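Please brief me on this protein model.

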Amino acid sequence: MKKRIKVMLTAVIGVTTVLSSGLVNDPSPASAADPVLSASTADNWTNLFNRAGYSNTWLNADGIYSTPLNEVDSIGSASSNSKTFFIFSDTILGSANAAGAISNLTYQNHSSAVLTGNTPTVSNISFKYGDKANMNTSQGNNLFGYTAWMQEAIALGGNVYVFGIPFDGTWKPTQVDLITIPVVNNEPNYAGFTKTSAVSKLYYKNTTYLYDYGVGIMNNSSQAGAPNPDGYIYLYGYRDALIGGQKDLIVSRVLRSEFPNFNNLKYWNGSSWSSTITDSAALLSNVSTELSVTPVTSGLYNGKYIAVYTNAVQSADMMYAIGDSPTGPFAQPVKFYTAPEYEGVGSGQRYTYNAKAHPHLSSPGQLLISYNVNRMGGASNTNDYRPRFVNLNLGSSNLALNKSATASSTDDASNRTAVKAVDGISGTRWSSAYSDPQWIYVDLGSSQTINHVKLNWEAAYGKSYQIQVSSNASDWTTVYSTTTGDGGLDDITFNAVNGRYVRMYGTQRVNAGWGYSLWDFEVYNN
């Protein structure tokens, strides 16, 4: 039995060898005029999926996508109370010792998980596998009852929608299915899922190209917190050249109010929207078969859109490209990270593939990005088959990030001090005493030109407050004032001023029984 399973894993988990033809080994750098964003490892997220030491359970997977169950998918929008739906493709179940060596291995084509909160805490993630999440680890006992890999997911209108792809003997998709999972009490009800098979508007194949939509989704609606909403759901895909195997980025869209009815799905042809899938125009070349496009809400490319992918599906090169709109045009792609796990594509070598972003789980000023790691011939260790994460720095334009902060008071000197509002972690906060007035200011370290402040309020928010700027923390100039604050995220712009200290000065709380409380206090020069 072990030998039979090993053969199956060799065939299925080695899929990207077939998909990776058209590899560009040395992507061109960005123009010298374009600032290049830097990346660093996100070890806390990587460790969340390190299952060494676990027994008779979910161990590894690829195809990792995430979507917030509350639909709000803007950068950094997840909170300590939010829930994230993860969907995976090829999944290994079994046991792993402390070194990661796998035993009692079984395999399923897809699985899922739900994470509570916005931090990668092991106790807050729950993995689901087996037919309708019956937690049966039997070989091939797939979550949605059939053999298919899962693509992107989106939550809206009380459901989670997942695009699934059955595949043929050459590992290419044969159709795109739509899986609908009802959300009950803020949890996916796997037992109640339904499947719509072979959605014609999402897949087409002729003698030249294969068109596959649903490998990336951008919810550009106000409900999702999009910065420039137009009410459309953008479905990204790839056009696969059947000779040569090059994958090019393509895009379609449908109104959110019509989703998931794709009768009015339109395809971008390079200048306008067409009803014909074969009119889909290439936006970027040599992309991966899983990817993302995200609105940028801060930093050097604020107001732009960023595509993230692995160069030519499978390589060490993690790429981004900056676009002017959801359809581009996209600038010269940039290699922002070289995966250290990549060894090559020979027998037994480890390889990396299919990078994509997770906007709502990102920290302010950054974009959290995952990529998959696998080994040719099949993985027998958790280190060889699980996602890795990096943070892409969007330009460090949050001038308040990790700077010194001072407040008039706190209601918890151990956990809710002023610095908690500027630490870049949306799950920590400053909270004041329960009286008026109260204030918090950040020391930028030197005089800066500023014109933009973001306040991410907890439930205890300011109804009346001012934004003030000072050069000495004694004499303050008011640059913004409101008496109608409504909490949530206040994105405040004003005429550019110079100053070293920036203060939120609160004069009336929304609730006399609470203080003022901020998850995040951010300062920018845009």
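**Strand pairing around β33**

S470 has Y501 in β33 as its bridge partner. This is a predicted model, in which local features need pLDDT of at least 70, side-chain atom pairs count only at pLDDT 80 or more, and totals for chains, interfaces and linings use all residues. Residues are numbered from 1 along each chain as its sequence is written, and side-chain values use heavy atoms, with hydrogens and water left out.

- Strand β31 (residues 462-470) runs antiparallel to β33, and 8 bridges join them.
- β33 also pairs with β30 in the antiparallel sense, over 14 bridges.
- L455 stands opposite D490 in β33.
- Strands here are DSSP runs of E with at least two residues, and helices are runs of H or I with at least four, numbered from the N terminus.
- Two strands count as paired if DSSP finds at least two bridges between them.

**The four-stranded open sheet**

- An open sheet of 4 strands has the order β1-β27-β26-β25, with antiparallel pairing.
- β1 (39-41) and β25 (350-357) are the edge strands; each has a single partner, so one side of each lacks a neighbour in the sheet.
- From one strand to the next, the twist averages 30 degrees (axes are lines fitted to C-alpha atoms, and angles run from 0 to 180 degrees between N-to-C directions).
- Strand β26 (residues 366-375) pairs with strand β27 (residues 388-393) over 6 bridges, in the antiparallel sense.
- Y371 stands opposite R388 in β27.

**Cavities and pockets**

- The structure holds 3 cavities of 30 Å³ or more.
- On a 1 Å grid over the protein atoms alone, a cavity is a set of points where a 1.4 Å probe fits but cannot get out; a pocket is an open set with protein on both sides within 12 Å along at least five of seven lines; lining residues have an atom within 4 Å of a point.
- A volume is the space filled by probe spheres set on the points, which are joined across faces, edges and corners.
- The largest cavity has a volume of about 260 Å³.
- Its lining has 27 residues, and D73, I217, M218, N219 and P359 are the closest to the centre.
- The largest pocket holds about 630 Å³ of space.
- S74, I75, G76, S77 and L489 lie nearest the centre of this pocket, among 33 lining residues.
- β30 (438-457), β33 (489-509) and β34 (517-524) each give two or more residues to the lining of the largest pocket.
- By class, that lining has 10 nonpolar, 19 polar and 4 charged residues (Ala, Val, Leu, Ile, Met, Phe, Trp, Tyr, Cys and Pro count as nonpolar, Asp, Glu, Lys and Arg as charged, the others, Gly among them, as polar).

**Salt bridges**

- The whole structure contains 17 salt bridges (a side-chain nitrogen of Lys or Arg within 4 Å of a carboxyl oxygen of Asp or Glu).
- K304 forms one with D324, with the closest N and O atoms 2.7 Å apart.
- K304 sits in the loop between β21 and β22 (305-310), and D324 in the loop between β23 (317-323) and β24 (334-338), 20 residues apart.
- K304 is partly exposed at 30% relative accessible area (buried means under 20%, exposed over 50%, partly exposed in between, with a 1.4 Å probe and protein chains only).
- D324 is partly exposed too, at 45% relative accessibility.
- R416 meets D411 in a salt bridge (3.0 Å, N to O) and D412 in another (3.9 Å, N to O).
- D412 counts as buried at 19% relative accessibility.
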